[in-house]
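Work through the exercises below with the sequence and the structure at hand. Try each task before reading its solution.

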Amino acid sequence: MSPAPLSRRRAKQVGIAGAAVGVVAAGLATAFAVERALVRKSLNAPGDPHAEETFGDQPFDEELTVTAADGTDLHVEVVEPTRPRSGKNSRKPTIVFVHGLALDMGTFYFQRQALAERGDHRLVFYDQPGHGRSSRLKSGNYDIAALGKSLAAVLDATVPDGHIILVGHSMGGMTIMAFAEQYPEWFGKRVTGVVLMSTSAGLVDKTKLGIPTLVARASAPFFPLWGRAAHLGGGTIDRARLASSDLAWLLTRRYGFGDAKPSPSLVTFVESMNSKTSVETLTKYLRTLYDHDRAPALSALRGVPVLVIVGTKDYLTPVVHSEAILKHLPEAELVKIENSGHVVMLEKSDEVNAVLLPFLEKIS
């Protein structure tokens, strides 16, 4: 039998390809429909303890822009104490909060609320470069060392004198370690306390950290390997993020939280911070996380009170990472929050505050 004409074979190939695309499209449509149904079911479920919480901007006494040495503009908010102490030691340390990857200063929503209500500490919050209302890096690399320098700029501008307590979550904890590596002389003199939440001191293993899933959540589930995603172009991935927002919500719930049924309002709040972080920022910072090794820098924290907090169901920076920190800082206090994931300070805010506030009071 003679072969079919070329035009017929091409038509057949096109038909097969079209059918394949149709099957994939139908499958994606079905998947998205299921996702939307699951999200709607979760959002409408009764008993959300934070359903009435108006997450978002919180009151501040001063708002300013700090320009780092490389020209990056950092958005900063300051909350002044309402009940300052009197006497010889009337001034308590200023508490400076440093958030993690794909988040912003809203990460510490409940801690800010509780401490502002107490009114006895000065509080400083800022958005890291490429996050929230801060600009992207003007020069240099997206690496942890640069973040340490950004923190130094914020401290110079907002706390020119007096004692400081640093509180860092995830990449924010790594930022504090980078700052300690660059400015060890600050610790014990200016920095008199450190709180590290859900973080790691070194050489993060992406297969254990769950980075592909993090990228899937914050970027798009179509691109599970962030190395490939970085080459596809921000516009392409950002369009995919919009198309897959329901799946992103479900993945945020799965990998950001430890409880099987966390507050839907909290999940939405975390996902809203994730979705505002550009693909460029996300992928460039992920690269530096793989090379992060600041265990030696922890030596600068010796002699300074350190509190380490981690959720027992943290899939991104598991408990073993916090336990490793204590091998370098055996005098540090480690608190494991049961049934909590990576955003422990949001998911289990009462438990975290019950540990955090006494610690701050003790070292103030």
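**Exercise 1.** Which residues does Phe55 touch, not counting residues up to four places away in sequence?

Solution. The model is a predicted one. Start by locating the residue: Phe55 lies in the loop between α1 (6-43) and β1 (62-67). Next, list its contacts, taking heavy atoms within 4.5 Å as the cut-off. Phe55 touches His50, Tyr109, Phe110, Ser265, Leu266 and Phe269. Finally, compare sequence with space: Phe55 and Thr268 are 213 residues apart in sequence, and their C-alpha atoms are 9.7 Å apart.

**Exercise 2.** Describe how helix α3 (residues 144-158) packs against helix α4 (residues 171-182).

Solution. Two packed helices are described by the angle between their axes and the distance between the axes. For α3 and α4 the angle is about 80° and the axes are 7 Å apart. Angles of 65 to 115 degrees count as roughly perpendicular, so α3 is roughly perpendicular to α4. On the α3 side, the contact is made by Ile144, Ala145, Leu147, Gly148, Lys149, Leu151, Ala152 and Leu155. On the α4 side, the residues are Met171, Met174, Thr175, Ile176, Ala178, Phe179 and Gln182. Sorted by type, the contact residues are 11 nonpolar, three polar and one charged.

**Exercise 3.** Is α4 mostly covered or mostly exposed?

Solution. First take the length: α4 has 12 residues and spans 16 Å from its first C-alpha to its last, close to the 16 Å expected. Then apply the cut-off for buried, under 20% relative accessible area. By this test 10 of the 12 residues of α4 are buried, and the helix is mostly covered. Among the buried residues are Gly172, Gly173, Met177 and Ala180.

How values were computed:
Residues are numbered from 1 along each chain as its sequence is written. This is a predicted model: local features need pLDDT of at least 70, side-chain atom pairs count only at pLDDT 80 or more; totals for chains, interfaces and linings use all residues. Side-chain values use heavy atoms; hydrogens and water are left out. Helices (H or I, at least four residues) and strands (E, at least two) are DSSP runs, numbered from the N terminus. Axes are lines fitted to C-alpha atoms, for helices over the stretch in contact, and angles run from 0 to 180 degrees between N-to-C directions. Angles under 35 degrees count as roughly parallel, over 145 as roughly antiparallel, 65 to 115 as roughly perpendicular and the rest as oblique. Ala, Val, Leu, Ile, Met, Phe, Trp, Tyr, Cys and Pro count as nonpolar, Asp, Glu, Lys and Arg as charged, and the others, Gly among them, as polar. The expected span of a helix is 1.5 Å times one less than its number of residues. Buried means under 20% relative accessible area, exposed over 50%, partly exposed in between (1.4 Å probe, protein chains only).
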